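Welcome, and thanks for taking a look at this one.

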Amino acid sequence: MGNIQPTVVPYEDFDVTADIKAIRQACKGLGTDEETIIGILANRSSAQRMEIKQAYLEKYDDELEEVLRKELTGSFENAVVAMLDPHHVYFAKELKKAMKGAGTDEAVLIEILCTATNEDILSYKEAYAQVLEGDLDADIEGDTSGDVRNLLISLLQASRDEGYEVDETLAEQDATALFEAGEGMFGTDESTFSDILTHRNYLQLQATFKIYESLSGTDILDAIDNEATGVLKECYITLVRCAKNPQLYFARRLNAAMKGAGTDEDTLIRVIVGRSEFDLETVKEMYLEKYDVPLKEALASECGGDFKRLLLEILH
């Protein structure tokens, strides 16, 4: 979608032997040289970090993740460990974590699944099966219910049209169907909303939302706000915002994670580490445009210590 820019790209002068020696040295003796660890990990692509992990194991017969877990603590440790997993494995673990224990963290399921491409979804399912030895479809089905379950299961089919064609006739049909399923009648027909929002391509949805607005005199987000409630409403809002502008959606997620008392570090890690090689530079631009404060400045006042230094380094 448009011209999106990452903040992390493959390091040109990559020397895996030099990197593992420097990391080994940084973890030796009393205290840890966190600066070296940050300098290396935040400036290497995910593929390069995987090479570092492998080379470290081969040379020192130690798992890099275990070594760093012993040296680091808190959110800094969590962020570094996230950077040592391939993208799809990290997100599979986050999905699993969101469904662990008594409650389900639906906000995390929504953030990950409602923003994923078909390819992402298939790779999450594969990592979930191979690395975590679980069945993502079955776990989602067991942990959610009703319309939310139906919507998430629909997303897990990875059957969204990802083309760039807009069919105006279909947009009119869909806009009418959405209107009739929501505002136009008593009660809301959730299956119509879910079906359209999980299957159409983003440009098609943008065209549909425009027609919807001229039909009903209401912005689609306001209509959803009036018609839906709870977790389902969050799903719809995320799907609509992503169809309109995914990078603005992630800027909002970051802002929400830093608002109010306390900071949601896990969300900061997911978005900043997770988007760094895709569109984080563009997310930074959207953040500045929307909130009038540079993202780095917002983070610097919310986070501290090595965690802050690592995130700022990833943001460049």
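Let us begin with the second largest pocket, whose lining comprises five nonpolar, one polar and nine charged residues. Please keep in mind that this is a predicted model. The volume of this second largest pocket is about 330 Å³. Its lining counts 15 residues, and R69, Y90, K93, E94 and K97 are the ones nearest the pocket centre. The biggest share belongs to α6, which gives five residues to the lining of the second largest pocket.

Helix α6 (87-98) turns up again in the largest pocket, where α6, α8, α13 (202-216) and α16 are the elements that give two or more residues to the lining. The volume of the largest pocket is about 650 Å³. Around the largest pocket there are 25 lining residues, and T115, A116, T117, D120 and E162 lie nearest the centre. Sorted by class, the lining of the largest pocket has 10 nonpolar, eight polar and seven charged residues.

Helix α16 also brings us to helix packing. As a reminder, two packed helices are described by the angle between their axes and the distance between the axes. How do the axes of α15 and α16 cross? Helix α15 (residues 230-244) and helix α16 (residues 246-258) have axes that come within 5 Å and cross at roughly 130°. Because of that angle, α15 is oblique to α16. On the α15 side, the contact is made by T238, R241, C242 and K244, while α16 contributes P246, Y249 and R252. The classes in this contact of α15 with α16 are three nonpolar, one polar and three charged residues.

Within α10 (residues 146-156), the buried residues are V148, L151, L152, I153, S154, L155 and L156. Which elements do the buried residues of α10 pack against? Their partners are α7 (106-113), α8 (118-130), α9 (136-143), α12 (190-199) and α15.

A158 follows α10 and has a positive phi, near 50°, although A158 is not a glycine. This residue sits in the loop between α10 and α11 (168-181). Is A158 buried or exposed? Its relative accessibility is 15%, so A158 counts as buried, the cut-off being under 20%.

The place of H316 is in the segment after α20 (305-315). With a relative accessible area of 38%, H316 is partly exposed.

D135 lies in the loop between α8 and α9, and D135 is partly exposed. E51 belongs to helix α3 (residues 46-60), and E51 is likewise partly exposed. Leaving aside residues up to four places away in sequence, E51 touches F14 and V16. E126 is part of helix α8, and E126 too is partly exposed.

| Residue | Relative accessible area |
|---|---|
| A158 | 15% |
| H316 | 38% |
| D135 | 42% |
| E51 | 42% |
| E126 | 46% |

For E51 and I20, 31 residues apart in sequence, the C-alpha to C-alpha distance is 9.8 Å. For E126 and A42, 84 residues apart along the chain, the C-alpha atoms are separated by 26 Å.

How values were computed. Residues are numbered from 1 along each chain as its sequence is written. This is a predicted model: local features need pLDDT of at least 70, side-chain atom pairs count only at pLDDT 80 or more; totals for chains, interfaces and linings use all residues. Side-chain values use heavy atoms; hydrogens and water are left out. Axes are lines fitted to C-alpha atoms, for helices over the stretch in contact, and angles run from 0 to 180 degrees between N-to-C directions. Helices (H or I, at least four residues) and strands (E, at least two) are DSSP runs, numbered from the N terminus. Angles under 35 degrees count as roughly parallel, over 145 as roughly antiparallel, 65 to 115 as roughly perpendicular and the rest as oblique. Contact means heavy atoms within 4.5 Å. Ala, Val, Leu, Ile, Met, Phe, Trp, Tyr, Cys and Pro count as nonpolar, Asp, Glu, Lys and Arg as charged, and the others, Gly among them, as polar. Buried means under 20% relative accessible area, exposed over 50%, partly exposed in between (1.4 Å probe, protein chains only). On a 1 Å grid over the protein atoms alone, a cavity is a set of points where a 1.4 Å probe fits but cannot get out, and a pocket is an open set with protein on both sides within 12 Å along at least five of seven lines; lining residues have an atom within 4 Å of a point. Grid points are joined across faces, edges and corners, and a volume is the space filled by probe spheres set on the points.
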